[in-house]
Amino acid sequence: MSSYSNSSNDTTLMFQLKGGLYPLTALQLLGTDLSAFEQQLNAKIKQAPKFFHNAPLVIDLQKLNQASASIDFKRLIDILLKKKLIPVGVKGGLLEQQNAAATAGLPILQEGSRESSRNETTPEKSPIISTLPETPDNDTRHNHTRVITEPVRSGQQIYARGGDLIVLAAVSHGSELLADGHIHVYGPLRGRALAGVTGDNTAHIFCQSLEAELVSIAGQYKISEDIDQAIWRVAVDISMEGSRLHIRPL
Amino acid sequence: MVKSESKIIVVTSGKGGVGKTTTSAAIGAELARRGHKTVVVDFDIGLRNLDLIMGCERRVIFDFVNVIQNDANINQALIKDKRQENLFVLPASQTRDKDALNQEGVERVLTELKKDFAFIVCDSPAGIERGALMALYFADEAVVVTNPEVSSVRDSDRIIGVLNSRTKKAEQNQEVKKHLLITRYSQNRVQRGEMLSVNDVQEILAIPLLGVIPESTAVLNASNHGIPVTLGTPSDAKIAYQNAVAMLLGEEPLDASQKGWKSKLLGGLRLFNRSPA
């Protein structure tokens with residue numbers, strides 16, 4: 001390689017942290033007998049082998065809420081990997097169970113929105129945020145609501161950790177707004193807006209003109225194509241009603 | 001002429017092929033014609049065009065990378081324009097790749113240029129990778145060249161975001177002064193709804209308008225002959241670029257006939273009232 005400067009002034013970044021939204025299948029454990037589990041899993045895979053191949057899975061421990069229910073996570077991971085299923089994390093369950101999972105190398109994922117009910121043949125999908133951008137640790141404000149006064153440019157990503165996000169300018173195509181709380185845009189919303197990213201399904205998104213590429217509350221999302229033309233370019237309030245997004249003109 | 005602080009102006013866009021090199025040459029030549037000692041620097045290592053557009057491709061001995069790597073000093077690489085005594089070109093290398101540019105080297109060259117030149121016009125390559133980032137990092141001001149169509153506007157928006165965050169000025173909590181230059185504008189196509197209007201572009205990009213350069217055969221003629229548009233025969237593009245430079249220098253608009261032409265082009269839009277950032 002020709003001369004390459006590694007001086008401390010070099011602005012070439014090696015990585016960036018970005019938020020993302022990825023649909024994942026959740027495997028909800030209903031018992032702790034891993035031998036039976038393995039047998040039943042094999043049978044299920046035989047029904048639709050291609051579907052399960054290299055599928056990322058979230059292990060849902062919600063139904064194992066008794067203290068006596070302990071899982072050998074290392075064995076569970078082995079079983080899954082052998083069948084080419086890839087566990088990417090756990091959600092739900094008791095603290096001891098989550099700790100055991102963490103010890104076995106599985107991250108704990110925050111609760112997403114309630115899954116919408118589907119018929120039995122298709123697995124339930126749980127949209128989950130995979131990574132959130134960093135904010136500085138020295139943020140000691142009591143109220144973590146962020147106010148942005150300049151236009152949010154294409155490619156920019158703004159995350160209001162622990163609070164609401166208020167934008168007093170236009171939000172361009174190709175930009176991303178994220179907030180643990182509400183998102184308010186006093187201008188056109190043309191990029192993506194994800195409110196309640198850590199699971200708060202009471203979060204709202206407000207904007208003066210809905211032209212968004214994607215809107216999401218607590219993981220439940222809608223893309224631009226699926227937004228009714230009648231409320232396009234209109235001032236709206238987006239909230240979660242039940243398990244669906246509801247868009248109401250202001 | 002009182003020598004004030006030297007200014008580095010980057011001509012950038014994000015999108016390729018919108019008129020950055022044409023604009024760099026036109027603006028550089030016009031600044032020189034008005035008496036300011038100006039150098040235009042080609043940051044497009046490996047895909048150099050500035051020397052062609054400026055008509056000095058047969059006089060390139062040493063280039064920007066040679067100077068950074070201390071193979072030559074700056075005076076050996078600078079090419080003096082034969083038509084305009086205040087105008088100089090620092091060409092790029094055609095055989096190296098852009099990894100040859102490093103921040104410390106670029107800073108050293110620019111610092112040396114600042115001693116002699118009133119204006120340093122940095123002709124940026126397209127994109128948001130190393131070459132483009134190097135070209136804009138040390139900028140005091142930026143001319144964001146945009147065609148009135150959606151992908152160019154989207155890319156310009158992106159590059160404005162980069163100007164706000166990845167420049168030396170941004171690191172020092174200062175602002176790079178940004179100017180919007182709309183190029184290849186066609187009033188007919190706007191009226192037919194095929195192209196965005198000046199208002200549309202301004203609404204999305206929200207930076208002050210420097211000027212509007214009409215689509216013009218003069219541009220192709222100029223590059224074919226290696227003559228910057230502003231040094232060539234009179235044309236609509238030439239007048240537009242001259243007005244843009246006047247605006248850049250903070251001057252009042254030029255004579256009434258040019259103002260009349262502008263009003264006609266934009267259907268009565270008050271071009272000379274720059275909108276706030």
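Over all chains, the count comes to 21 salt bridges, a salt bridge being a side-chain nitrogen of Lys or Arg within 4 Å of a carboxyl oxygen of Asp or Glu. The structure is a predicted model, in which local features need pLDDT of at least 70 and side-chain atom pairs count only at pLDDT 80 or more, while totals for chains, interfaces and linings use all residues. Residues are numbered from 1 along each chain as its sequence is written, chains are lettered from A and ligands numbered from 1 in the order in which they are written, and side-chain values use heavy atoms, with hydrogens and water left out.

Chain A has four helices and 15 strands, and the secondary structure of chain B comes to 13 helices and eight strands. Helices (H or I, at least four residues) and strands (E, at least two) are DSSP runs, numbered from the N terminus. Of the 250 residues in chain A, 43% are buried; of the 277 residues in chain B, 57% are buried. Here buried means under 20% relative accessible area, exposed means over 50%, and partly exposed lies in between (1.4 Å probe, protein chains only). A contact means heavy atoms within 4.5 Å. Among the contacts in chain A with a separation of 6 or more, residues 24 or more positions apart account for 44%. In chain B, residues 24 or more positions apart account for 76% of the contacts with a separation of 6 or more.

The two chains meet at an interface in which 20 residues of chain B are in contact with 22 residues of chain A. The size of an interface is often given as the accessible area lost when the parts come together. Between chain B and chain A the buried area is about 1,600 Å², of which carbon and sulfur atoms give 39%. Buried area is the accessible area (1.4 Å probe) that two parts lose on being put together, summed over both. In chain B, the residues that lose the most area to chain A are Q103(B), R154(B) and D157(B), which together give 28% of what that side buries.

Three salt bridges are found across the interface of chain B and chain A. R154(B) forms a salt bridge with E213(A), and the closest N and O atoms are 3.9 Å apart. The side of chain B that touches chain A receives at least two residues from each of α6 (130-137), α7 (150-165) and α10 (198-205) of chain B. Helix α7(B) gives the most to this side, with six residues. By class, the side of chain B that touches chain A has six nonpolar, five polar and nine charged residues. In this grouping Ala, Val, Leu, Ile, Met, Phe, Trp, Tyr, Cys and Pro count as nonpolar, Asp, Glu, Lys and Arg as charged, and the others, Gly among them, as polar.

A salt bridge also joins D157(B) to R153(A), with the closest N and O atoms 2.8 Å apart. This pair crosses between chains, from helix α7 of chain B to the loop between β5 (146-148) and β6 (157-160) of chain A. D157(B) counts as buried because its relative accessibility is 2%, and R153(A) counts as buried because its relative accessibility is 3%.

Within chain B, R48(B) forms a salt bridge with D51(B), the closest N and O atoms being 3.1 Å apart. D51(B) has 3% relative accessibility and so counts as buried. D140(B) forms a salt bridge with K169(B), where the closest N and O atoms are 3.1 Å apart. This pair links distant parts of the chain, since D140(B) lies in the loop between α6 and β6 of chain B and K169(B) lies in helix α8 (residues 168-171) of chain B, 29 residues apart. At 16% relative accessibility, D140(B) counts as buried. Salt bridges that share partners join R190(A), E211(A), R233(A) and E203(B) into one network.

The buried residues of helix α10(B) are V198(B), V201(B), Q202(B) and L205(B). These residues are on the same side of α10(B) because they cover an arc of only 100° around the axis, the arc being that of the directions from the helix axis to the C-beta atoms. The buried residues of α10(B) pack against β6 (141-146), α7, β7 (177-185) and β8 (209-214) of chain B. A206(B), whose phi is positive, near 50°, follows α10(B).
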